[in-house]
Amino acid sequence: MTADLNATTASISPDTDPETLDSVASTPPDQPRMPRGSRRGFRKRGRFTKWFAIIWLVLLTFTAVGASWLPYVKHDCSQFANKLDCSTFDKGSPIKLERPPAWAGFSQSNKPTTPTAPVRAGWFGTDSNGFDIFSRAMFGARNSLLIGALSILFGLIVGSILGLLAGFIGGKLDRVIDTVMNVLLAFPALLLAIFIVGFFSNSSAAQAENRSIGPVIIALSILSVPPLTRLMRANTLVYSQREFVTAARSIGASRFRIMVKEILPNVVPTMLTFALTGMAVLIVAEGALAYLGLSVNSPTPTWGSMIASGQTKLKDAWWISIMPAATMFITILCINLLGDVLSERFRIREAIG
Amino acid sequence: MRYIGQKFIQLLIVLFAVTFTVSLALSALPNSKERILAAKSVNPANVEAANAVLDSLHLRDSQIKQYGYFMKDLVTGDWGVTFQGNQSIKTSIWDGLQISLRLMVYAQVIALLLAIPIAIISAYRNGGFFDRTATTTSFGMLSLPSYILAPLFILLFSVRWGWFTSRSENTSLFDDPWQHFKDYFMPTLVLALPLAATYMRLLRADLIATLQGDFITTARAKGLSTSRILLGHALRPSTFSLVTAAALNTGTLVGGSLVVETAFGLNGLGFKTVVGIFGNEFRLVQITVLVLAMIYVFVNFFVDIAYGWIDPRIRAARALT
């Protein structure tokens, strides 16, 4: 599943047939066709990576939820009565400095330029405001995961309803929904998101201080609706031909009942699996918005803005952007791996075809 | 013919919707009038001057009229001037478009050049060491957005090894080819690597399926060389989803170019859009967004057409729906 943001949101084009749709829909197209000999090697790798992915994501969720009460420095040093508690504060002088990660002190070139090195450096080092990058990354995880999860949730709800209606009722409604989705897909995904956030956030884009989480979530939800609608519609079409639906219809079940009780439960695993990979895509999209300075306001950390803020200082302090970038990379990788495992489990490929 | 007609009507609907949304965005802006006046540094108390500015953007007309004027300006090429500095938007867009298109074409070409040989080798020795390495690497590449790759590349190529500068100028290919290469190397690679991973996975999967076909066994039985079988017989029938993906990923490229141009300071359309949003250059942003969306819409349209042309089965299948 591509992590590149348009790939899911935009690459299911107006007219992709199920074949293309499902290659996007998170099964790596190669897995089922693999000859037996090579498959064993992959499966062994799969088991290890699956657990790695699960552990990482559980830990990350835990950190994200508990960022404010876990025993680690907060990203804002001002809340400490004793400034020395804030590990990043330069002892003796109020000048805040970039500090390398604690484990990177071995290299001479990584040593801080001032002789008064801190007693304890953070795991990820500190940024040029003297804030600890690890704790900022924790809070960034909270923002990124929250935005990703909420927007995929909205997208899932809206997309499921629209797809179910379009697939089951069909006719004119189907055509209208299809046209609307075509129009939404006509914009490249990130461009649409930037356009929405940049133009329609409540405050002027220049005063980023007032920008809240709302417009970002709206923009990302809009991005996630069309692919989910299409997937739901394709699945509904498949299931509405099945015998149990005919049976339900023949005993006089209402259309609403058939949709909710007969079709929906069958489609849920597929949708959730797709939503998981979709969430990775949306986290990437949020990161891109934040990188361009268009996500939540600037003192609130998100991974994207942390990467952007360190990019001009790569020469002196590589850790400012590389550490959040690494965190983000591992997170996206884990979500993708898990999505892969799940889609193999639920046989998404067969379900769509 | 009917297929093309259908596609064309669809294109018209999409074009209408895109232009309509973009044109009305200006007046749908929260506090649009105040903000535009502020951007133009006109005092709202000065009613005449304020009205002159609003009229030049047709903001005081009804929405339908606004759309009409917007389309007229768009077609006649009268795209107006930037809010600050009164520069022609048209020249600005034209300069940016050249850079962006160049970047996108380079990235697409490099991605294909990387993906096709790797996919062929992987598919040929399916399950071998090279294949496993390539598949795993490509999976990792898929999780690498451009804004993670960009700092990494700058760190490696420009800070550690000092091969390239971290800010790219736009040097013409013909003036100074070496400098041109140095300017576009990192942005192109950042855009191309994730694309190459996508393409490689698609092509590899299709090639593996094709290689199990009977005609490959026949070709082998005839005694054809491996390279002849792979390149002459197996490659062409396998490129179908690759072509689709390449077209669809224009959207990825457009989005990626926003990030990459900002990361490397290339003054293309994407960079202009981002800067424009922060500088309250709403008119400029409208046009850049429109131009970028148009690139995507038209590429998709032509690929759809070409598609039915290449493979009559598609035409038939599509006609049914």
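Visitor: How many of the 27 residues of helix 7 of chain A are buried?

Guide: The model is a predicted one, and burial is judged by counting 20 or more other C-beta atoms within 10 Å of a residue's own. By that criterion helix 7 of chain A is mostly covered. The number of its residues that are buried is 22.

Visitor: What distance does helix 7 of chain A reach from its first C-alpha to its last?

Guide: Helix 7 of chain A comprises residues 213–239. At 1.5 Å a residue, a span of 39 Å would be expected, and the value found is close to this. From first C-alpha to last, the helix reaches 37 Å.

Visitor: Where in helix 7 of chain A does a kink lie?

Guide: The bend amounts to about 30 degrees.

Visitor: Why is helix 9 of chain A described as oblique to helix 10 of chain A?

Guide: Helix 9 covers residues 255–291 and helix 10 covers residues 303–310 of chain A, and their axes come within 7 Å. The axes cross at roughly 40 degrees. Angles under 35 degrees would count as roughly parallel, and 65 to 115 as roughly perpendicular. The arrangement of helix 9 of chain A to helix 10 of chain A is therefore oblique.

Visitor: How far apart are the axes of helix 4 and helix 11 of chain A?

Guide: Two packed helices are described by the angle between their axes and the distance between the axes. For helix 4 (residues 133–169) and helix 11 (residues 319–345) of chain A, the angle is about 40 degrees, and the two are therefore oblique to each other. Their axes are 10 Å apart.

Visitor: Which residues of helix 4 of chain A meet helix 11 of chain A?

Guide: Helix 4 of chain A passes helix 11 of chain A in a right-handed crossing. On helix 11 of chain A, the residues involved are W319(A), I320(A), M323(A), P324(A) and T327(A). On helix 4 of chain A, they are I133(A), A137(A) and G140(A).

Visitor: What percentage of the 321 residues of chain B count as buried?

Guide: The secondary structure of chain B comes to 15 helices and 0 strands. Its C-alpha trace spans about 85 × 60 × 35 Å along the principal axes. The buried share of chain B is 40%.

Key:
Residues are numbered from 1 along each chain as its sequence is written. Chains are lettered from A and ligands numbered from 1 in the order in which they are written. This is a predicted model: local features need pLDDT of at least 70, side-chain atom pairs count only at pLDDT 80 or more; totals for chains, interfaces and linings use all residues. Helices (H or I, at least four residues) and strands (E, at least two) are DSSP runs, numbered from the N terminus. The expected span of a helix is 1.5 Å times one less than its number of residues. The bend at a residue is the angle between axes fitted to the seven residues ending there and the seven starting there. A residue is buried if 20 or more other C-beta atoms lie within 10 Å of its own, exposed if 12 or fewer, and partly exposed in between; C-beta atoms are placed from the backbone. Axes are lines fitted to C-alpha atoms, for helices over the stretch in contact, and angles run from 0 to 180 degrees between N-to-C directions. Angles under 35 degrees count as roughly parallel, over 145 as roughly antiparallel, 65 to 115 as roughly perpendicular and the rest as oblique. A crossing is left-handed if the near helix is turned anticlockwise from the far one by less than a right angle, and right-handed if clockwise. Two residues are in contact if their C-beta atoms, placed from the backbone, lie within 7 Å.
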